[in-house]
Structure formats: C-alpha cells, structure tokens
Amino acid sequence: MWLCVDRIEEDTVILLDDGETSYALSRAAYTALVGREPAESDILAAEVEGMRILTAAYDGVETAARREAARKRLNRLFGRSEKP
C-alpha cells in the first residue's frame, strides 16, 4: 500500500493512503520506522494492519512520479504549456 505524508502538525506526521484513510505518527515514531525525517508529499511503500503501520519505506521513484503528475495537472488547469 502507498502512504503519502499529507502534513506535519507540530510533532505529529499525518499520512493518507490512496483511499484517504488517515494515519498519525509522532515525528520520532515516523523517523524510527522510515529511517528519515518526514517531508510533505513523500510517498512510502507500507504494510498496514488495521490502523497500525507495520513497515514503511520511502519510495523516491513513486514520490517523483506523483509530483510530476501533480505538476502536469496544475499546468493543464492553469493553461500553461509543457516545456520541451
């Protein structure tokens, strides 16, 4: 399953899955689980059981792909042409 870092509220990291189910971890728990500091819009490959995140790993390829897709959607929305 994919989880996205939706936002960081003080010491709490809020993650969303593709179905928009919300998960919350403390910053310390996130860092211990993932092995890096949280950053908004980062994508994690995760294993979840119920509402508990069992494993999670940062996925740079998926993060970049989703950022690029979002950029293209915004460009279309605002009528900007793609750069060659």
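Biologist: How many bridges join strand 2 to strand 3, and in which sense do the two strands run?

Modeller: Please bear in mind that this is a predicted model. In general, strands of a sheet pair through backbone hydrogen bonds, either parallel or antiparallel. Here, strand 2 (residues 12-17) is joined to strand 3 by 5 bridges, and the two run antiparallel. Within this pair, Val-13 has Leu-25 of strand 3 as its bridge partner.

Biologist: What is the order of the strands in the sheet?

Modeller: The sheet is open and holds 5 strands in the order 3-2-1-4-5, with antiparallel pairing. Strand 3 (22-26) and strand 5 (52-58) are the edge strands, each pairing on one side only. From one strand to the next, the twist averages 40°.

Biologist: Which strands does helix 1 touch?

Modeller: Helix 1 (residues 27-34) packs on the sheet and touches strand 1 (2-9), strand 2, strand 3, strand 4 (43-49) and strand 5. The direction of helix 1 makes about 95° with that of strand 3. Helix 2 (residues 60-77) also packs on the sheet, where it touches strand 1, strand 4 and strand 5. The direction of helix 2 makes about 115° with that of strand 4.

Biologist: How many bridges pair strand 1 with strand 4?

Modeller: These strands pair over 3 bridges in the antiparallel sense, and Trp-2 stands opposite Ala-45 in strand 4.

Biologist: Which residue takes a positive phi in the hairpin of strand 4 and strand 5?

Modeller: That residue is Gly-50, with a phi near 65°; the hairpin has 2 residues between the strands. Strand 4 and strand 5 run antiparallel and are joined by 6 bridges; Val-48 has Ile-53 in strand 5 as its bridge partner.

Conventions: Residues numbered from 1 in each chain as written. Predicted model: local features only at pLDDT ≥ 70, side-chain atom pairs only at ≥ 80, totals over all residues. Heavy atoms only, no water. Pairing = 2+ DSSP bridges. Helix = DSSP H or I, 4+ residues; strand = E, 2+ residues; numbered from the N terminus. Axes fitted to C-alpha atoms, helices over the stretch in contact; angles between N-to-C directions. Contact = heavy atoms within 4.5 Å.
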